[in-house]
Structure formats: structure tokens, C-alpha cells
Amino acid sequence: MKTWPLWIAGTIALAAVFHILTVFALPYGIMNRAMAGIAAQAGGVNKPVYPDRATAASRNIVRPSPDLLYTACVYDVSDRPVRLTSPVPDTYWSLSAFAANTDNFFVVNDRQVHNKRIEIILTAREDLVVEGGQPVIIAPSTRGIVLFRSLVPTEEAATEVDALRRQANCEPL
């Protein structure tokens, strides 16, 4: 009796199982590791961390740019919404929110902000009503990462841009 068809079928089945596990589980593992690192640096969730400027040795953020200053925050909206605030400098600036599976579900940049400050409410509840007219963003997961980026256009502007980015915050309502 030939057993090679069984071996081929078993190998294909095993490959399919590993493929499915990799595609669905790996993103969550990557984000859990990233969230644990950021939360450890910040002293918990819903607290920003202001890492030093990226160098050739920096690898806390994937493919960091030495021209950008980063602020990161692990959000947790399981109990309460989180208020994201930041001044918007006169240079490139962006805010990106990532779900627990690495999906980038929200982005806003300096060209879309019509004043010098942004305030956004991040929540898991679709029925949240906020007084004050701040935009409300529904997070697809209760935990994730918010990343602020600020361009340093010249070395002379680095101190000013750094001072502004250190005013970025994420705090529970």
C-alpha cells in the first residue's frame, strides 16, 4: 500500500493550520509585545511616552525616521473613553491609531486640522455622546497604540518641536 498520498495530505493540512495561525495570531502577538514595551516605558496604559530622537540603532518603532519625533501611547478604552490631545506645530504632524491586530484605523495630519490644537475622543462605545463637539472615534479593539509624529524641519527647530510634542497626551475621560 502506498502511504505517500497520506503524507502529502497530512503535510498540506499541517501547512494550512500553521498558515492560518500565523495570519490570524501573529499580528496580535506583535502588538501585545509592542504595547507591553510602550506601557512599561510610560508607566502604564493611557499615558504617553516621549522617546528620544531616532538614530541608526533605534528599533522601538518600525523603520524610524531621524527627522521625526515620536510620542506613543497604549490606549485602553475598556472602562472609559480616552481623550487624545496635542498641539499641532507649523510643520508636518500626524496622529495614527492602531488596533490590537495592527490595523491602522484612524489617521489625521496637520493639513486636516484647522487650528493649532487637536482633541479627539477615542472609545469602544458607539452610543457615546460627548459635550463640546470633539470628534469621537470608535476603536475596533479595546486596546491598541496611538502614535503621534512631528517633523523636525531643521536642527534649529528641534527644541521647539520637541517641547510641543511633549504636550501630546492620552488620558481617560
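What follows describes a predicted model, starting with its sheet and ending with its aromatic pairs.

**The sheet and its helices**

Five strands form an open sheet in the order β1-β2-β8-β4-β5, and their pairing is antiparallel. At the edges lie β1 (48-49) and β5 (104-109), each pairing on one side only. Strand β1 is joined by two bridges to β2 (residues 68-76), and these strands run antiparallel. Along β2, A72 is the residue that stands opposite V49.

Two helices to look for are α1 and α2. Helix α1 (residues 4-42) packs on the sheet, where it touches β1, β2, β4 (93-99) and β8 (143-151). The direction of α1 makes about 65° with that of β8. Helix α2 (residues 158-165) also packs on the sheet, touching β2 and β8, and its direction makes about 10° with that of β2.

**The aromatic pairs**

| Pair | Distance of ring centres | Angle of planes | Description |
|---|---|---|---|
| Y75 and F105 | 6.3 Å | 80° | edge-to-face |
| W93 and F148 | 6.5 Å | 45° | tilted |

Because Y75 lies in strand β2 and F105 in strand β5, their pair ties together parts that are 30 residues apart in sequence. Y75 is buried, with a relative accessible area of 0%, whereas F105 is partly exposed, at 23%.

The other pair has W93 in strand β4 and F148 in strand β8, so it ties together parts 55 residues apart in sequence. Here both W93 and F148 are buried.

Key. Residues numbered from 1 in each chain as written. Predicted model: local features only at pLDDT ≥ 70, side-chain atom pairs only at ≥ 80, totals over all residues. Heavy atoms only, no water. Pairing = 2+ DSSP bridges. Helix = DSSP H or I, 4+ residues; strand = E, 2+ residues; numbered from the N terminus. Contact = heavy atoms within 4.5 Å. Axes fitted to C-alpha atoms, helices over the stretch in contact; angles between N-to-C directions. Phe/Tyr/Trp six-rings, centres within 6.5 Å; stacked < 30°, edge-to-face > 60°. Buried < 20%, exposed > 50% of the residue type's maximum accessible area, 1.4 Å probe, protein only.
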